[in-house]
Amino acid sequence: MSTTYMKYMGLFDELVNYGRFELGGKGYGLVQMTAIGLPVPPGIIILTSACKEYYRSGGKIPEGLFEELREKLKVLENRTGKKFGDPSNPLLVSVRSGAPYSMPGMMDTILNLGLNDAVAEGLVKLTGDERFVYDAYRRFIQMFARIAMGVKTDRFEKLLEETRHRLGVKFDIEIPASEMKKIVEKFKQIVREEKGMELPQDPFEQLKMAVEAVFRSWNNPRAVEYRRYYKIPDDLGTAVNIQMMVFGNLGEKSGSGVGFTRNPSTGEKKLYGEYLPKAQGEDVVAGIRTPFPIDKLEQKLLSQLEDMAKKLEQHFKDMQDFEFTVENDKLYMLQTRNGKRTAQAAVKIAVDMYKEGLISAAEALLRVDPNELNQLLHRRLDPSYKGKPIAKGLNASPGAASGIVVFDTNEAAQRGAKGEKIILVRPETTPEDIKGMIAAQGVLTSRGGMTSHAAVVARGMGKPAVVGCESIRINMDEGYFTTSEGLVVRKGDVITIDGGSGQVFFGEVPTTEPELTTELYELLRLADQHRRLGVRANADTPEAAEKARAFGAEGIGLCRTERMFNAPDRLPIVREMIMAQTPEERKAALAKLLPFQVNDFKQIFAVMKGLPVTVRLLDLPLHEFLPPAEEILKEMFELASSHGPQHEILMRQELLRKVLVLKEHNPMLGHRGCRLAIRYPEIYEMQVRAILKAAIDVRRQHGETAKIQIMLPLVSEKTELVILRKIIEETAEKVFEEIGERIDFKVGTMIETPRAALTASEIAEVADFFSFGTNDLTQTTFGFSRDDAEAKFMADYLEKKILPRNPFESVDVRGVGRLVKIATEEGKKANPRLEVGICGEHGGDPDSVKFFHAAGLDYVSASPYRVPIARLAAAQVAVGPVEKVAVTV
């Protein structure tokens, strides 16, 4: 049927060629179900363009809309044989919102519209069921008054409750007809008292008010918050669905239900849902009465639903969530949409539908949101737990953990060594807190962002972390923190943190173990067959390396060495090296560190035999390995007050002098990375010696070793790399000569500054590989201090839409991304053998992975628990632009 005459609306069968962005999700489902011959009550859809025009014109109904609606209503009347407002054969309608993306319960619905006093009386004569009619009428008044007129529901609910109590009944369904008639009159009286006007008796006036109420509901607070949380654009608008009513509350052989074509929790291919006799759809959702499982329906109705479920899946090619009503034994379909599902169900449904031949491999891969795999890889809170959180921060590292609160890192390490489960609570963490983090079940900080030390390290360890929890006030000296509501949580109290949501709970909350299903492994194998990008892991312990390999990592893209220097048994030697006055003293201290480094690398290389391991040489400025000046001063004061040994005081004086000498105004841009080795080459000489010796030892022991890549941090000038590469190669030759064996290795650099990216063609001439350190590259490109930005103004920038996304979570394509693209293209042009990857936290962000694919990188590297996410994201961008229609929760 031609649709050229339409401006703002059409009947269901006139809109078959329209998409969900014009019809909204609900309208799209109704149109498509009508097209495939399912029993759908007829109706009209007002397109989303009308809602957009309503807001463009400052909240005014678009010109001609109601005139067009009146004409369409006449067509609907002719088709149904019923007439709007006619007591002898009335047409009643539901009016529902319908956004392009599913927003369950976020917007507004009005049922039984068209009822008035005269229509109610006529309907009683038609049906002979006075109770049904006045139950429908009171429902209409309650919904219409709240949604279209702004009357609060409290007085309505109170009246119903008083009536039930007076009659000694539990449910509204038990209130007799005579009482329902009284309730209707009292409801109308409430409207008069609250609004100073009568409930509209003209059905078309009701309809006009309802349509505008649906438009307004697009911007109600809960809808706005829902869109913000799920990153749904604000300018899509909602459609309005006007549909002939069918009544599930019309006697014993009527009812309403909700069904899923497959189990939304497990993905099992079995009809799933609930049915409530003598009820309208809102009763099922509201939970006022307990429905019974859909499989308890009489066989005739169940068979009809199973047949419809099959047709829905064959048509929509996805699991459907549908609503239905039975009116006097006749089944009607009222809604269908792609069903929300758990991550476990999403994976199983995608794999099963692919095996069934219902969808292609590309569609199967695109059906699962990569971020949702987090739910499958970490312990998580028991979904049945309904407790209230005491605080909320940033969901920095997924998973759930319970333990006693400990504030001191050393105490955390000691108690953890005894097997106690602890949560390390700090204002923020530093590299010195690593032993406490290792011992802890999880980490909670009051400061810091998604890429702060606590966040990055916790993700690498696969431990839950909630950071930037600014609503708590930590008193480190007294050993407690207070929440915004005044709750005092002391050292030794048990708390639970949920790194997936950022919530903090008092006491121990039950959790569930992750279950890596067969279907997940199958999905990831399918992803590996289709992706171009390699996927490696950021790992600097053998445990992290093993986890990464188990999750399918194809090597280590970033092995940091700072943790190795910070370990409790090495830190005194590192400080001895820092305090050295001559190169000889420094080399003597470094010689003590060498065996530790060799052992560290041997364990990691043994796990990663046959795969590349990129070891980043020391990056941190030296002052990071020394205690803070305030701590030294405090110790000196205590020693002096207690007349402690003079040599102890002098030793701390010397340490304080060194701390002050090394102190920097801006450590991030100071004496760190390759700049350290330009001045102190012996540090990198020792590390290179340890790396190569370890690799050869592993090959001798296992017959195979890792493919060694030595990475220099913070290079911004080709000459830096020329000088340091020469030192590395000279050191390597000495090692090979001493051992009597050689091993292949590559030398490359991190690209972390705009200058390095812009001069990549020069640097590439002397590099075997590039690896973008996008955390620091983002800081240096924006001129942001990461922690300060996230703690102080990032929320404002996102709320005011100055930035579309936090650039530390998802790569800034226009700025940082442009530098990545320039460096990749120019680097590969200058050196065709150049390998290019990324090892910043963006390597595990699906949107960033898709950009890196387009920019021509060879691999991404992410924390071990994000390796499966990166594998799936890389496959999704490789398979092309197939519409992703599933939504997971």
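A: A residue is called buried under 20% relative accessible area, exposed over 50%, and partly exposed in between, with a 1.4 Å probe and protein chains only. Those areas come from the Shrake-Rupley method, and only the protein chains shown count as cover for a residue. The model is predicted, and so local features need pLDDT of at least 70 and side-chain atom pairs pLDDT 80 or more, while totals for chains, interfaces and linings use all residues. Residues are numbered from 1 along each chain as its sequence is written, and side-chain values use heavy atoms, without hydrogens or water.

Of the 889 residues in the chain, 57% are buried. The C-alpha trace spans about 105 × 65 × 50 Å along its principal axes. The chain holds 34 helices and 31 strands. Helices (H or I, at least four residues) and strands (E, at least two) are DSSP runs, numbered from the N terminus.

The sheet in question is open and has five strands, in the order β8-β7-β6-β9-β10, with antiparallel pairing. Its edge strands are β8 and β10, each of which pairs on one side only. Two strands count as paired if DSSP finds at least two bridges between them. In general, strands of a sheet pair through backbone hydrogen bonds, either parallel or antiparallel.

Strand β6 covers residues 255-260 and β7 covers residues 272-277; six bridges join them in the antiparallel sense.

D329 is not a glycine, yet its phi is positive, about 75°. With 35% relative accessibility, D329 counts as partly exposed.

A positive phi is also found at another residue that is not glycine, N112, where the value is near 65°. N112 sits in strand β4 (residues 109-113). Is N112 buried or exposed? Its relative accessibility is 0%, so N112 counts as buried.

Some surface sites can be set beside these. D154, E157, E161 and E162 form a surface patch of negative charge. Such patches take residues with over 30% relative accessible area and no salt bridge, joining like charges within 9 Å. A salt bridge here is a side-chain nitrogen of Lys or Arg within 4 Å of a carboxyl oxygen of Asp or Glu. Asp and Glu count as negative, Lys and Arg as positive, and His and the chain ends are not counted; each charge is placed at CG of Asp, CD of Glu, NZ of Lys or CZ of Arg. D154 belongs to helix α6 (residues 154-167) and is exposed, at 56% relative accessible area.

K663, in the loop between α24 (646-662) and α25 (674-679), is exposed at 61% relative accessibility. K663 and P621 are 42 residues apart along the chain, with 9.4 Å between their C-alpha atoms. A795, in helix α31 (residues 786-799), is exposed as well, with 55% relative accessible area. From A795 to M686 the separation is 109 residues in sequence and 44 Å in space, C-alpha to C-alpha.

Definitions and conventions. Patches are made of residues with over 30% relative accessible area and no salt bridge: like charges are joined within 9 Å, nonpolar side chains (Val, Leu, Ile, Met, Phe, Trp, Tyr) within 5 Å. Accessible areas come from the Shrake-Rupley method with a 1.4 Å probe; for residues, only the protein chains shown count as cover.
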